[in-house]
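Please look at the sequence and the structure that follow.

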Amino acid sequence: MDTMPKWVDVFVIPLISLIIAAILSSLVILAIGESPVEAVKTMVTGALGSTYGWGYTLYYATNFMFTGLAVAVAFHARMFNIGGEGQAMLGGLGVALVCLSFNWPHWTLVLPAAIIGGALFGAAWAAIPAYLQAKRGSHIVITTIMFNFIGAALLNYMLVNVLRPQGQMDPASGRFPPGTNLPTFQDMFSTFGVTLFRGAPVNVTFFVAIAACVMVWWLIWRTRLGYAIRAYGHSEPAAIYAGISPTKIIMIAMLISGALAGCMAINNVMGEAERLVLNSVEGAGFIGIAVALMGRSHPFGVFLAALLFGFLYQGGAELSLWSNIPRELVVVIQALVILFTGALDNMVRMPLERMFLAARRRRQAATSISEPAE
């Protein structure tokens with residue numbers, strides 16, 4: 001029997017962790033002579049006070065949904081995929097090759113091909129660490145984080161020596177054909193002379209990310225493969241006894257994880273930059289770890305956590321722009337949220353578990369006393 005109700009694990013523990021992180025962030029802001037209340041107002045106004053702010057918040061959240069789902073799928077198979085950064089980089093290469101291969105007439109034709117291209121390249125980059133884990137016993141954390149750097153070097157080589165247009169100094173690909181430009185929210189929702197989301201990069205990929213959340217939920221909780229992944233993650237000996245192949249689960253889970261990370265490139269490469277550039281991932285692969293931890297590896301939790309980190313990214317940018325709080329302190333605030341929702345999760349969880357366990361024992365004792373003796 002569980003010591004805590006499910007709703008406590010899903011909602012209360014992350015909420016308490018956020019409150020602790022907010023209190024410590026406020027103390028840090030006070031220490032440098034600024035007002036925490038004004039800082040919160042600036043962040044909320046900058047991230048949620050206009051359609052422009054919402055546009056950037058949802059743009060960042062889209063990236064974090066893909067990388068958070070990537071980490072979550074690997075978590076269910078008891079693997080810690082830290083390679084989302086490199087897999088998203090190589091996914092960008094796949095998206096760029098698809099977009100540059102033809103003079104596409106319309107985005108509705110290129111979007112499915114770009115999804116496949118990004119997913120294939122991301123999955124391919126995850127396949128090598130997965131094979132080393134399954135066949136050679138190499139630790140997935142070490143190999144995936146090393147492949148981030150190898151992926152960055154490979155992408156740099158491709159941009160400088162293969163994809164860079166003649167005469168261009170910038171290590172980036174050429175502009176994608178106009179037919180590959182994805183519709184932004186400004187294109188989709190500005191009607192009757194009212195311009196919404198003006199200049200914000202959020203685009204139709206946001207709905208692709210939501211669809212990915214639904215598909216991962218269906219895969220993990222409604223299919224035999226998902227059951228096998230979860231069974232292996234809970235107990236490898238029991239899974240082997242039940243006839244589940246560890247090699248198969250490791251490979252499939254990591255391929256799906258890498259594919260999800262690679263699909264992030266649809267948003268930032270195809271949707272926002274409209275060309276492939278260096279450092280386009282901007283740390284989203286690592287933020288995905290915090291998103292998956294905070295979302296308890298559930299797609300709905302990942303969706304909510306991605307929105308939160310999208311708010312922190314956009315609100316933090318506005319905070320560093322319109323106040324005397326330096327950008328480095330904004331990174332500290334984000335780090336505190338990650339620290340308490342991830343690494344220090346047990347600091348909140350264990351006292352709550354003891355509290356609920358004590359309450360359960362009191363109820364059981366009261367029940368046994370009230371029952372008539374036979």
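**Aromatic pairs, cores and helix packing**

Tyr313 is buried, with a relative accessible area of 16%, where buried means under 20%, exposed over 50% and partly exposed in between, for a 1.4 Å probe and protein chains only. The model is predicted, so that local features need pLDDT of at least 70 and side-chain atom pairs count only at pLDDT 80 or more, while totals for chains, interfaces and linings use all residues. Residues are numbered from 1 along each chain as its sequence is written, and side-chain values use heavy atoms, with hydrogens and water left out.

**Aromatic rings**
- There are 14 aromatic pairs, counted when the ring centres of Phe, Tyr or Trp (its six-membered ring) lie within 6.5 Å, with planes under 30 degrees apart taken as stacked, over 60 as edge-to-face and the rest as tilted.
- Phe64 and Tyr313 form an edge-to-face pair, because their ring centres are 5.2 Å apart and their planes stand at 75°.
- Since Phe64 belongs to helix α3 (residues 51–76) and Tyr313 to helix α14 (residues 299–322), this pair ties together parts 249 residues apart in sequence; helices are DSSP runs (H or I, at least four residues) numbered from the N terminus.
- Phe64 is also buried, at a relative accessible area of 2%, and ring pairs link Phe64 and Tyr313 with Tyr52, Tyr56, Tyr59 and Tyr60 into a cluster.

**Nonpolar cores**
- The largest nonpolar core holds 103 residues, of which Phe64 and Phe309 touch the most other members; such a core is a set of buried Ala, Val, Leu, Ile, Met, Phe, Trp, Tyr and Cys residues joined through side-chain atoms within 4.5 Å.
- Helix α3 gives the most to this core, with 13 residues.
- A second, separate core has five residues, among them Val8, Ile13, Val348 and Leu352.

**Helix packing**
- The axes of helix α9 (residues 224–234) and helix α11 (residues 246–263) come within 10 Å and cross at roughly 110°, the axes being lines fitted to C-alpha atoms over the stretch in contact, with angles from 0 to 180 degrees between N-to-C directions.
- Ala261, Gly262 and Cys263 of α11 meet Ala265, Ile266 and Asn267 of α12, contact meaning heavy atoms within 4.5 Å.

Key:
Helix = DSSP H or I, 4+ residues; strand = E, 2+ residues; numbered from the N terminus.
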